[in-house]
Every structure is written in C-alpha cells, then in structure tokens.
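Hi,

Here is the structure I promised to pass on. Have a look first, and my notes follow below.

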Amino acid sequence: MSSTKQILALLRSRVEGDDDTFYSIALQVAASEARQGHKSTAEEIRAEIERARAKKSRGASVAVAFGAPRGNLEGLLELREPRYRLKDVVLGERLQLRLNDVLLQQRKRDWLREHGKVPSRRLLFVGPPGSGKTMSAEAFAGELHLPLFVIRLEGLITRFMGDTAAKLRLIFDETAKRRGVYLFDEFDAVGGHRTSSNDVAEMRRVLNSFLQFMEEDTATDSVIICATNHPSLLDRALLRRYDQVLEFDVPTEEQIKEIVLMNLRPMKAPRLAWGRIVDSATGLSQSELARAVDDAVKSAILAERQAVSTDDLLLRIRERSEMRSAFLNDAKS
Ligand SMILES: Nc1ncnc2c1ncn2[C@@H]1O[C@H](COP(=O)(O)OP(=O)(O)OP(=O)(O)O)[C@@H](O)[C@H]1O
Ligand SMILES: [Mg+2]
C-alpha cells in the first residue's frame, strides 16, 4: 500500500488544484508499487494517469493548444489538423513497429523521465516522393492528440534570406513552449547544393543553427520530424542528431493491394484480377496509386455504378504511369 504521506500529498495538491504535483505523486506511487513487485497495480495507476491527462488535454485546453500561430510566428508555422491515424497509413511491418515504439515512448514519457530516460522525439523520415512521409507525420500527431505544425524551410529561406536562423530560433523556442509535432517538410533544402554563393553561406548558417537547436532539451517533449527525399544531401553531422531515422519505400505487392482496397471504399469490387493490377501498379508511388484508385471510384460514382472492375482500375493506373513518364521525360529534357 502507499504511504500515508503520499496520500496526504495527493490530497493537498488536489485541494490546491496543482495538477502537475498531483500526477507526479501518483506516478511516484506507481513507481513504489512496481519496486515492490506489484506490476499490474503500477500499470493500472499509470494507465489512469494517462487517461486523466489525455482527457484534460482534449478538453479545457484544446482552443489554446490548437490555436493558429500568431505574432512573430505567423507565417513561419502552419497549423494543420491531423486527419489520419496510423492505421490509415500502409507501411511495412518494420517501419510500423518502429513508429509504434516511438509513439509508446511519447505516450509514456513521464514514466521514462521518472527513470531518468529521455523519450525519442527527433525523427527523420526518408523516402521517395508520395510514400507517406507527410501523412505519417500527420498520423503521429493524430495518435498523440497533438497539434501538427508544418514548417517549409525552402520558403522560409527564400523569404527571410539572411534572417532564417533567427526565424528558426523562434520556431525552436515555440517547440519548447508548446508541445506539438513540428514537421520540417521537404527538408532537403538545408543540405541541398546551391549555385549562388550567397545561398551557400545562408544554408551553412541555417544548418549550423539547426544542429545547435536540435541539441537542446525541451521539457515539453515536442516531436520534431524532418522529411526528405534525398538523405544523401543531408549533412552527416545532422544525421547524428536524430533519435531515429525511418526509411519509407516504394510499395510492395502486399501494400499495393492494401492501398487499392483502402481507397476503393465505399465501392464494391468483386473478383479483382490482383496479378494484373499489381503488375501494372508496380513502379507507381503509394500516392499515385491512391489517386488512380480514387479516379476509378469517382467515374464509377458518376456513372451511377455500384462496383469498380479490374479494367477500370487498370485504365486509371495506366493513366498515372503515363503522367509519371511524361513528367520524367520533361525533367530530363
Ligand atoms: N503509405 C501510404 N499509405 C496509404 N496512403 C498513402 C501512403 N503514402 C501516400 N499515400 C497517399 O498519398 C498521399 C500523399 O502522400 P504523402 O504526402 O504522405 O507523401 P510524401 O512521402 O510526403 O511525399 P513527398 O516526398 O512528395 O512530400 C497521401 O495523402 C495518401 O493519400
Ligand atoms: Mg511530403
């Protein structure tokens, strides 16, 4: 059983409305239960604390926590409402496990901190275009009930030439003040090769500041996610700063099927010729494939049909492949 002292301290913090102390004592109680070998009691207490916290953060503080950035931060951070959960993203098993692992560390961050451990919170998402990096960052925020702030470095650098590092400082200060998921999308800009020497100097400054800011501890445990298509452009010193580097890839056969099925809803699609669909979809990104299926569903709806056939899908998939090769040829010439 917990000591009388702990119960008294709990009562006092309750009376004073001091939530932080209240939860921290409750966590201590859980810790002492665990030390005495009462694992399930400890788990039960921790689960209750998390439930209470989640309820609270979804309730009273929502308006503030999800408020759009104002003042100095306006135009630097874009607030986005997370529309996805992790189950909406089709991912390889390993990637899923690793994402879940970080999620768990974030959910149980108080417990880790009680043990002197710091939860993982700096992530690098690497992978080809349209493989679900931005979507996963959104799902991550959705799972944690945190606001998602998107930062486009490329735009920031162009807009604030010479002053980008100061803007980055503002953003990192915000991560320390307000817990959230901060997504630095299209992050290659920082490591990218530039032509004009002006740009090179600015990029160096930005990179150095970024390195420095990434090292700073925050008590808020905000999650920082950087997403890029080109890991090779990123500085080695930068790669070392991440707690986890997560690799996204082109879809496997199994994932092609999953993405097709997911995007077919609410249409019926009986007896699809999966072999042919998978063959023709190979080479497309998750994003292109999702759009192809969506095209097929839309034309079925407009034709007042209830079902989508293999031929409908093959037609749309071919269209997307053609768009892709037209684009690639364009890029080459
Ligand atoms: N793994 C996936 N599972 C399910 N749908 C996906 C997946 N990846 C992409 N999609 C679909 O494609 C859309 C675009 O994906 P997303 O923006 O996440 O790609 P990205 O990896 O960030 O690409 P980019 O490198 O071009 O920014 C998503 O909104 C979703 O509809
Ligand atoms: Mg993206």
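Which pocket does ligand 1 take up? The space that ligand 1 takes is the second largest pocket. A pocket here is an open set of points on a 1 Å grid over the protein atoms alone, where a 1.4 Å probe fits, with protein on both sides within 12 Å along at least five of seven lines; a molecule sits in one if more than half of its atoms lie within 2 Å of its grid points.

Before the details, some ground rules. This is a predicted model, where local features need pLDDT of at least 70 and side-chain atom pairs count only at pLDDT 80 or more, while totals for chains, interfaces and linings use all residues. Residues are numbered from 1 along each chain as its sequence is written, chains are lettered from A and ligands numbered from 1 in the order in which they are written, and side-chain values use heavy atoms, with hydrogens and water left out.

**Around the ligand**

There are 15 residues around ligand 1, and Val 90, Gly 130, Lys 133, Thr 134 and Met 135 come nearest (a residue is near if one of its heavy atoms lies within 4 Å). That shell splits into 6 nonpolar, 7 polar and 2 charged residues, with Gly counted as polar.

Now for the polar contacts (pairs of N or O atoms within 3.5 Å):

- A backbone N or O atom of Val 90 is 2.7 Å from a nitrogen atom of ligand 1.
- Thr 134 has a polar side-chain atom 2.7 Å from an oxygen atom of ligand 1.
- Met 135 places a polar backbone atom 2.8 Å from an oxygen atom of ligand 1.

On its own, ligand 1 has 630 Å² of accessible area, and the protein covers 79% of that (Shrake-Rupley method, 1.4 Å probe). Two elements give two or more residues to the shell: helix H7 (133–144) and helix H15 (286–302). H7 gives the most, with 3 residues. Helices are DSSP runs (H or I, at least four residues), numbered from the N terminus.

**Elsewhere in the chain**

The loop between helix H13 (253–264) and helix H14 (274–281) holds Pro 266, which is joined to Arg 265 by a cis peptide bond with omega about 5°. Arg 271 is in the loop between H13 and H14 too, and its phi is positive, near 50°, in a residue other than glycine.

Cheers

Terms used:
A polar contact is a pair of N or O atoms within 3.5 Å; within protein, one must be able to donate a hydrogen and the other to accept it, and residues adjacent in sequence count only if both atoms are side-chain atoms. On a 1 Å grid over the protein atoms alone, a cavity is a set of points where a 1.4 Å probe fits but cannot get out, and a pocket is an open set with protein on both sides within 12 Å along at least five of seven lines; lining residues have an atom within 4 Å of a point.
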